[in-house]
Amino acid sequence: MKYFSVLNIGNTHTQVAVGYADKKITEWESLRTFDTSEIPFDELPRDIFTVYSSVVPEITALMEKKFPDALPCIAENVPLIDFSDAPPTLGMDRIANCAALGQKKSSGIIIDAGTAVTLEVVNNKKLVNKY
């Protein structure tokens, strides 16, 4: 059975989830993001599939260095939604929100109240807002 891990790295909190490929998530933990630098990256397994979303440039760079095979949540890795008109500043967190919507619906509005309140409008699996 293969493991997978998902990391959502925000400005104030980081969520880490681990599970099996054929089951739902089996472990979940939420950390304050500044504590994320304390994670012993060198001790984490490299043989599991990892997806991450990060809005913290220092941690994004660390993930790219320590986990080069991990899949960042960037527009070209999310075929569920057409991001062709998306602004270049669209962050991984907002892309992940659109991907989550695209798994269940073809259209919708996403409101994310993180460090900033953001709004995404998806119509027929295409991101249409320019915010």
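**Salt bridges, core and buried serines**

Me: Arg94, buried or exposed?
Reply: Arg94 is buried, its relative accessible area being 13%; buried means under 20% relative accessible area, exposed means over 50%, and partly exposed lies in between, with a 1.4 Å probe and protein chains only. Please keep in mind that this is a predicted model, in which local features need pLDDT of at least 70 and side-chain atom pairs count only at pLDDT 80 or more, while totals for chains, interfaces and linings use all residues. Residues are numbered from 1 along each chain as its sequence is written, and side-chain values use heavy atoms, with hydrogens and water left out.

Me: OK, and what does Arg94 form a salt bridge with?
Reply: The partner is Glu120, with the closest N and O atoms 2.4 Å apart; a salt bridge here is a side-chain nitrogen of Lys or Arg within 4 Å of a carboxyl oxygen of Asp or Glu. The pair links distant parts of the chain, since Arg94 is in helix H3 and Glu120 is in strand S7 (residues 117-123), 26 residues apart. Helices (H or I, at least four residues) and strands (E, at least two) are DSSP runs, numbered from the N terminus.

Me: And Glu120 itself, buried or exposed?
Reply: Glu120 is buried, with a relative accessible area of 1%.

Me: How many salt bridges in the whole structure?
Reply: The search finds three. Asp82 and Lys126 meet through their side chains at 3.4 Å, N to O, and because Asp82 lies in the loop between strand S5 (71-72) and H3 while Lys126 lies in strand S8 (residues 126-127), this pair ties together parts that are 44 residues apart in sequence. Asp85 also forms a salt bridge with Lys126, at 3.1 Å between the closest N and O atoms, and Asp85 is in the loop between S5 and H3, 41 residues from Lys126.

Me: How accessible is Asp82? And Lys126?
Reply: Asp82 is partly exposed at 33%, and Lys126 counts as partly exposed at 23%.

Me: Switching topic: which residues have the most contacts inside the largest nonpolar core?
Reply: Those are Met63, Phe83, Cys98 and Leu127, in a core of 21 residues. S1, H2 and helix H3 (92-104) each supply at least two of the core residues, and the largest share, five residues, comes from H3. A nonpolar core is a set of buried Ala, Val, Leu, Ile, Met, Phe, Trp, Tyr and Cys residues joined through side-chain atoms within 4.5 Å.

Me: Which residues of H2 are buried, then?
Reply: In H2 (residues 57-66) they are Ile59, Thr60 and Met63. They sit on the same side of H2 because they cover an arc of only 105° around the axis, the arc being that of the directions from the helix axis to the C-beta atoms. The face turned away from that side carries the exposed residues Pro57, Glu58 and Lys65.

Me: What does the Ser54 side chain join up with at 2.8 Å?
Reply: It makes a polar contact with the side chain of Thr60, where a polar contact is a pair of N or O atoms within 3.5 Å, one able to donate a hydrogen and the other to accept it within protein, and residues adjacent in sequence count only if both atoms are side-chain atoms. Ser54, in strand S4 (residues 49-54), is buried at 6%.
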